[in-house]
Amino acid sequence: MIEEGTFPVEPWVVRETSLDLDVLAQTESVFALSNGHIGLRGNLDEGEPHGIPGTYLAGFYEVRPLPYAEAGYGYPESGQSVVDVTNGKLIRLLVDDEPLDVRYGDLHHHERVLDLRAGTLSRELEWASPAGRRVRVRSTRLVSLTHRAVAAIRYEVEAVDPGGTRVIVQSELVANEGQPTASADPRVAAALMNPLVAVSHDAQPCGAVLLHRTRASGLMLAAGTDHHYRAPGPVTVEQDTREDWARTTFATTLQQGERLEVVKLLAYGWSAVRSEPAVRDQVAAALVGARISGWEGLLAAQHEFLEDFWGGADVAVEGDPVLQQAVRFGLFHVLQAGARTERRAISSKGLTGPGYDGHAFWDTEGFVLPVLTATFPAAARDALLWRYSILDRARDRARTLKLEGAAFPWRTIAGEECSAYWPAGTAAFHVNADIAYAVERYRHATGDEAFDRDVGTELLVETARLWASLGHHDRHGAWHVDGVTGPDEYSAIADDNTFTNLMAGRNLRAAAQACARHPDRGRDLGVTGEEVAAWLRAAEAAVVPYDEELGVHEQSAGFTTYREWDFTTSQYPLFLHAPYVELYRSQVCKQADLVLALHWCGDAFTADQKARDVDYYEPRTVRDSSLSACTQAVMCAEVGHLELAHDYATEAALIDLHDLHRNSRDGLHVASLAGAWTALVEGFGGLRVWDGRLCFRPALPAGITELTFHLRWQGALLHVSVTHEATEYIAHGASVLVDHDGEQLEVGAGQTVSRPVAPRVPLLPPPKQPPGREPRRHNGDAVLE
């Protein structure tokens, strides 16, 4: 676990001031760089020691068989796993023939800095070899946000001791790196051994290109390097290239205070359909573009891109420096996960590690895309276009399941269902409504009519058709969806899951409205008036289970009659210590489920119902999922438990900086990092989007004195600043209509409108949590036990 204090609290950087090899894998995730297409884990330049070596490309995977003790109809036959592709980060250093290795010699100083405004990872160390020769090494690494296929490293060696110091820098490309052994934890990736087969290699005077193909999926990969160097004296340069590795060597002698600087340009490309020459030439062209820009040009473009992003995305948290640093860290990684995916999936770990085999889940549409829609809508559009690109595969899956429309996969890289456990995979049909939710949120926020007509309508129609065939009306006319799994994976194969039924109803209505907006498009899709009428009848009659005696909504039919879970002897996470058959028949929630319905479908509940439901489900929710804390923060804030909401918001934000779930080594929890934004903006800022309207009901906890955030909305940039006394709205670029605590306001372009903040009075006392599962208390400067 990463101890508190490992990273000093600073507003715009994450700094590590000493190297702790016990948490090296975790910090490799924290210091990962990505642009949504290329992902480089924060491995040390010299490659060893490492926790998990990792270089990833969005959508690049290998297939593997899914073993079943007893197979069944409709079970997926193969899985997909992210591949650690050719590693171009490696830069080894030898000092008078002694290799730099932090485990040997003497490490006098070591610091790494992730700069959230520059988009770089910098490292500085001073090391003495076992023979006593001292050098100072500085490196800066970036994955370009403007050149999609390019990454770059500037590596500098300085001689510290008097007299000549012979230094040799070996810059490498290496394919088929060794991987850690497999784990029994289902969140960990399957181990792939030597997944890449050499196709060809090409050497240049100061670089090389290696081409490989995956053994089973048949994807073609190219990785290339080029170098520039500078030194005060002569430098010997050698190039050696083989099938699985290439090495460019720079050798020189440095006097005290002299430096050798090497700039390494990296380029990657892959394709499932293009030829070997085409992929090779793509990488060669990317290297030419990088050479033209040069290191300083790449650095300047990175800074300019991020300056524009932060100008429309930053969240300022006055009074809580810990949460301030964490929410910016989270936003940075959310941007990295989606900035240049360009119709590839955003996986649950982004490109920071191999966890969950690199799969995308419903996390993307439910938690990540709302943030990108508000801060960087082009990335949200690209992610939805990826869903559209796999629509035919979703249609095929629906037919396999004897359903209509499209059944999108629970977990996937390329579009096929990859979950071998159908109760928590195929049965979680709510992923389809989550996609519809993201489509509608994007439409409302951007007014993108072309997307709505050409893409959104078809996604809404095909997911609506799924629900129409999956649900049924009983003899009384009520509409049920039976045998499904909602967000809570400890309650599988349930009838009338409230979240699922409400979200399905919204999906059905959205499809009907889309066909009304675009009747020609609806006719092209074969939609009839009778079909639309059936959708609306189902949505109107959807069952929402309610326990009249307890006065609370049931997570699913009969949930409140299940036996209570004995928390006194529990070990967490429960899925590693308790059989699912026990979890499924008990009142224990892995994560917010009914409470998520209160958040996303809040207009279907009264204020009193929300307060009572939160009070009932808090003592039964163990937060074994990283998706839970942010939702609990939002709803605790709405019902008036502001200090508890503050604790949950901090937990969501610090999940990886403090390794709260003990698995950050396998990659960051991108949805939870997005959830930190959600906890602040939708929790304390009170943001909701109801019927296409921006609605705010803000209130701050005692530990935050001011909260400022920005939203991109229909061509305008809305600046919102909340204090305990007032909320200020400023619109830039165009006027914005907002609802402040029920009052309709028009904020003109360049205008400032201020309104008082109403006090938030809870209807019930703060709820209890399961024993031992209380969020850690937080005072703004530190997390308290």
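**Exercise 1.** In which strand is His740 found? Determine also its burial and its contacts.

*Solution.* The structure is a predicted model, in which local features need pLDDT of at least 70 and side-chain atom pairs count only at pLDDT 80 or more, while totals for chains, interfaces and linings use all residues. Residues are numbered from 1 along each chain as its sequence is written, and side-chain values use heavy atoms, with hydrogens and water left out.

Step 1. His740 belongs to strand S32 (residues 736-740); strands are DSSP runs (E, at least two residues), numbered from the N terminus.

Step 2. The relative accessible area of His740 is 4%. His740 therefore counts as buried (under 20% relative accessible area, 1.4 Å probe, protein chains only).

Step 3. Leaving aside neighbours within four places in sequence, His740 is in contact with Phe696, Pro698, Thr727, Tyr729, Leu745, Arg755 and Pro756 (contact: heavy atoms within 4.5 Å).

**Exercise 2.** Describe the setting of Ser81 and its side-chain partners.

*Solution.* Step 1. Ser81 lies in strand S6 (residues 78-82).

Step 2. Ser81 is buried because its relative accessible area is 0%.

Step 3. The side chain of Ser81 makes a polar contact of 2.7 Å with the side chain of Arg64. With the side chain of Asp357, the side chain of Ser81 makes another, of 3.0 Å. A polar contact is a pair of N or O atoms within 3.5 Å; within protein, one must be able to donate a hydrogen and the other to accept it, and residues adjacent in sequence count only if both atoms are side-chain atoms.

**Exercise 3.** Which residues of the largest nonpolar core touch the most other members?

*Solution.* Step 1. A nonpolar core is a set of buried Ala, Val, Leu, Ile, Met, Phe, Trp, Tyr and Cys residues joined through side-chain atoms within 4.5 Å.

Step 2. The largest such core has 189 residues, of which Val315, Trp535, Phe684 and Phe696 touch the most other members.

Step 3. Apart from this core lies another, of 20 residues, among them Ile91, Ala159, Val167 and Phe250.

Step 4. Not counting residues up to four places away in sequence, the residues that Val315 touches include Gln324, Leu331, Trp677 and Phe709.

Step 5. As background, nonpolar side chains tend to be buried together in soluble globular proteins.

Terms used. Helix = DSSP H or I, 4+ residues; strand = E, 2+ residues; numbered from the N terminus. Buried < 20%, exposed > 50% of the residue type's maximum accessible area, 1.4 Å probe, protein only.
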